[in-house]
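This briefing sets out selected features of the structure shown below. The points are grouped by topic for reading alongside the sequence.

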Amino acid sequence: MADFFAGVDIGSTMTKVAIMDGGIVASVIGPTGPEHRKLANKVMGEALAKAGLSFDEITYVVATGYGRINVPFADKQITEISCHARGIGSLLPAARTVIDIGGQDSKGIKLKDGRVVDFVMNDKCAAGTGRYLEVIAEALGVALDEIGRRSLEAEREVAISSTCTVFAEQEVVSRLAEGIPVEDLLAGIHKAIATRVYGMVNRLKIEREVAITGGGAKNIGLVKALEAKLGFQVLVPPEPLLTGAIGAALLGRDIVEEAVQSGLSLTRSERRLREATFFS
Amino acid sequence: MAEEKKPEQRKKRRTATEAASKVAPMVKAMIGNVLQAKEEGKPIASTFICCCYDEIIHAMDIVPHWVENYAGICGAKRDAQRFLEKAEAGNLSRSLCTYALCGLGFDALREELGEMPPEPPWGGQVKPTVMLGSGQILCDPRNKWFQAAQHYMPDVPVCNVGLTWPLYEDDYDYHEVEGYYIKYFVEQLRGLVEFLEKYTGHKMDWDRLSELVDLTDRTWNLVWEAYELRRAVPTPMGTGDAMNTMVPMVFMMGTQEAYDFFKDLYDELKQKVADKEGVIPDEKYRLIWGGGLPSWFALGDFNYFNSKGAVFPVETTYRMIEATYNYDMDLSKISDPLEHIAWRWLKYWTYWYDKARKRPGSQPEVERLIQYIEDYKIDGIVMHEAFSCRTWHVGLIWQLNQLKKIYKDIPSLILESDIVDISSYNEADTRARIDAFIDVLEAAKRKGK
């Protein structure tokens with residue numbers, strides 16, 4: 001019988017689950033709501049249904065992401081830094097630097113021999129995160145999943161001087177009133193966010209290859225803007241949103257294998273999905 | 001009308017040493033003494049941490065009031081916002097030093113009300129007799145703060161004491177010019193004595209000053225010896241406690257109370273080392289607090305590090321002493337008390353210069369980090385960038401990068417917040433960073449096995 005491992009990544013905007021054996025057996029991606037505990041239960045149930053597995057058949061569950069402590073059935077919580085690193089180590093082993101652009105924060109991770117040697121995080125300011133793009137998309141009346149493609153249609157790149165999300169929104173609205181095409185503004189916005197992220201991650205001294213993960217990696221305009229800043233092409237995993245969940249599942253497998261090899265017993269959570277509430 | 005919600009009740013931070021737990025009452029008593037002195041009409045001098053002239057103030061029977069300390073207390077009590085907002089309302093930028101903003105906001109409010117603001121932390125900050133600046137540490141508020149305070153207290157005289165030390169140059173031997181600096185230093189101190197005699201009416205007791213200078217030398221050495229005991233594995237005391245024990249070091253120097261405090265601390269640490277009693281039972285990672293003032297409202301983060309198996313046996317912040325017997329001169333031969341003070345401090349500020357010059361690419365601050373990393377068997381380095389304090393924080397990232405370049409690639413964590421302004425702080429995000437850093441430390445340990 002195969003061993004199955006699950007990774008549950010509760011991010012600030014999206015929740016992701018990956019169930020793995022040798023490869024991905026099933027995955028679920030959905031929005032994060034206010035009640036993480038109920039949500040964790042729900043998405044895990046959906047992933048199990050997709051995989052045709054019962055929860056008892058999952059050998060080990062690792063939770064990650066900023067909501068990781070609210071996964072009551074997880075055997076272990078591991079930070080998203082480690083999980084992204086492990087995920088990229090498996091998906092794109094040539095990567096030495098990971099840039100993760102999430103909904104509310106962005107991170108840079110430096111890898112060496114498959115382990116994290118350094119990291120930086122921006123969690124102070126929406127600039128450089130998915131939230132920045134959401135605000136701008138709304139201000140310009142363009143769907144969020146369209147802004148990247150539209151930015152590539154620009155004839156020229158309008159300089160957006162504000163790095164603050166609030167001021168950038170004001171600047172974009174006033175430039176729009178001047179008659180500047182939406183595409184040109186979007187090109188400027190994507191350059192601004194790429195510049196900010198690059199500045200932060202370069203504190204780690206960026207080394208090739210660079211992999212982009214998180215929701216930001218699904219925005220082709222942002223990926224191109226980052227490539228322009230870096231001066232070379234970046235690597236993007238097939239489903240960048242799942243990187244942390246895949247890494248979590250793989251770290252779960254590592255833990256089990258290490259325990260088996262060393263003859264140690266595993267500390268595991270109660271083996272059932274609980275209908276958890278804030279009172280449990 | 002909706003009932004006003006009670007503020008969140010916070011638990012007192014747990015300390016590892018008995019000595020550290022005694023500090024809060026000591027500070028409270030120190031501030032109480034200032035309030036009492038005000039009532040009794042004694043002269044009060046507002047001044048700064050490591051002003052270099054503590055003994056002069058005490059020898060002249062003037063009561064010091066430490067303005068940064070009081071701002072830190074407001075921060076630690078999470079009651080600084082109203083004073084910061086008052087300063088901001090007076091057109092002072094929020095990006096200035098938040099110690100200064102807090103102190104200025106407090107002074108502005110007190111002078112406007114004609115009495116202490118309601119329920120001031122630990123009784124409040126009084127209007128002083130004089131205000132004494134101090135040019136050392138290259139901190140601009142240490143000269144500008146009191147000038148700004150004169151907007152609210154125009155009748156309180158200010159003496160800006162310019163105390164400098166030679167800049168570090170890797171191709172230049174500072175010893176060639178240190179004599180000139182000492183001459184200037186002593187002139188400044190002599191001017192301070194004249195200023196204090198004029199504005200307080202108190203005369204300098206030179207014999208008393210010599211006694212206090214000697215007491216301070218002995219206290220410095222005792223602090224150094226006590227802190228060196230923290231090299232032990234497991235370490236008996238961490239930086240969280242050192243952020244308390246810094247109080248007698250930098251606010252009570254030149255008093256018997258400070259000496260007695262560090263004698264107790266030394267004895268306690270020695271016993272803990274003998275008993276192998278550490279800050280935590282299972283010490284996994286030894287860290288250095290490698291720069292930056294702490295967030296006074298978030299000292300509980302040190303306990304959070306402890307809960308993850310990490311301890312801080314050493315820090316560069318507030319370790320404002322060196323053993324005088326380690327100096328490259330015999331300080332005991334300097335009998336003039338003002339010159340003695342000048343040499344003691346100049347040798348402290350330049351203590352790492354010679355070592356730095358021997359390692360290409362190094363700097364005194366980097367050299368100090370390297371020395372502590374080796375002496376205290378350090379696995380990782382943590383720094384704090386406090387946005388409002390340029391003086392202590394500019395250059396930290398450079399130091400870290402240079403350390404990694406010329407020494408070794410040690411795991412590091414940069415925390416970002418402020419010293420007083422709690423609006424810059426997010427506990428969940430800070431702890432997420434700490435968690436990730438612990439992962440990095442663990443990965444580094446595993447690789448080293």
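How many bridges join S7(B) to strand S8 (residues 412-417) of chain B? Six bridges join S7(B) to S8(B), and the two strands run parallel. The model is predicted, and the values given here are computed from it.

**Chain A overall**
- Chain A contains eight helices and nine strands.
- Of the 280 residues in chain A, 55% are buried.
- Among contacts in chain A with a separation of 6 or more, 67% are between residues 24 or more positions apart.

**The open sheet of chain A**
- Five strands of chain A form an open sheet with mixed pairing, in the order S3-S2-S1-S4-S5.
- Its edge strands are S3 (24-31) and S5 (76-77) of chain A, each of which pairs on one side only.
- Strand S4 (residues 58-64) of chain A pairs with S5(A) in the parallel sense, over two bridges.
- Within S5(A), Lys76(A) is the residue that stands opposite Val62(A).
- Helix H8 (residues 243-262) of chain A lies across S1 (4-10), S2 (14-20), S3, S4 and S5 of chain A. The helix runs at about 140° to S1(A).

**Strand S7 of chain B and its partners**
- Strand S7 (residues 380-386) of chain B is mostly covered, with six of its seven residues buried.
- S7(B) pairs in the parallel sense with strand S5 (residues 285-289) of chain B, over three bridges.
- In this pairing, Leu287(B) stands opposite Gly380(B) of S7(B).
- In the pairing with S8(B), Leu415(B) is the bridge partner of His384(B).

**Helix H4 of chain B**
- Helix H4 (residues 67-76) of chain B is mostly covered: nine of its 10 residues are buried.
- The buried residues of H4(B) include Val67(B), Glu68(B), Asn69(B), Tyr70(B) and Cys74(B).
- Arg78(B), which follows H4(B), has a positive phi, near 55°.

**Asp435(B)**
- Asp435(B) is located in helix H18 (residues 427-448) of chain B.
- Asp435(B) counts as buried because its relative accessibility is 13%, below the 20% limit for that class.
- Leaving aside neighbours within four places in sequence, Asp435(B) is in contact with Arg68(A) and Thr79(A) of chain A, and with Tyr304(B) and Lys308(B) of chain B.
- With Tyr304(B), the contact includes a polar one between the two side chains, at 2.6 Å.

**Ala95(A)**
- Ala95(A) is found in the loop between helix H2 (80-91) and strand S6 (97-101) of chain A.
- Is Ala95(A) buried or exposed? Ala95(A) is buried, since its relative accessible area is 3%.
- Beyond its neighbours within four places in sequence, Ala95(A) is in contact with Ile88(A), Leu111(A), Glu209(A) and Ala211(A).
- The C-alpha atoms of Ala95(A) and Arg253(A) are separated by 21 Å, and these residues are 158 residues apart along the chain.

Notes: Residues are numbered from 1 along each chain as its sequence is written. Chains are lettered from A and ligands numbered from 1 in the order in which they are written. This is a predicted model: local features need pLDDT of at least 70, side-chain atom pairs count only at pLDDT 80 or more; totals for chains, interfaces and linings use all residues. Side-chain values use heavy atoms; hydrogens and water are left out. Two strands pair if DSSP finds at least two bridges between them. Helices (H or I, at least four residues) and strands (E, at least two) are DSSP runs, numbered from the N terminus. Contact means heavy atoms within 4.5 Å. Axes are lines fitted to C-alpha atoms, for helices over the stretch in contact, and angles run from 0 to 180 degrees between N-to-C directions. Buried means under 20% relative accessible area, exposed over 50%, partly exposed in between (1.4 Å probe, protein chains only). A polar contact is a pair of N or O atoms within 3.5 Å; within protein, one must be able to donate a hydrogen and the other to accept it, and residues adjacent in sequence count only if both atoms are side-chain atoms.
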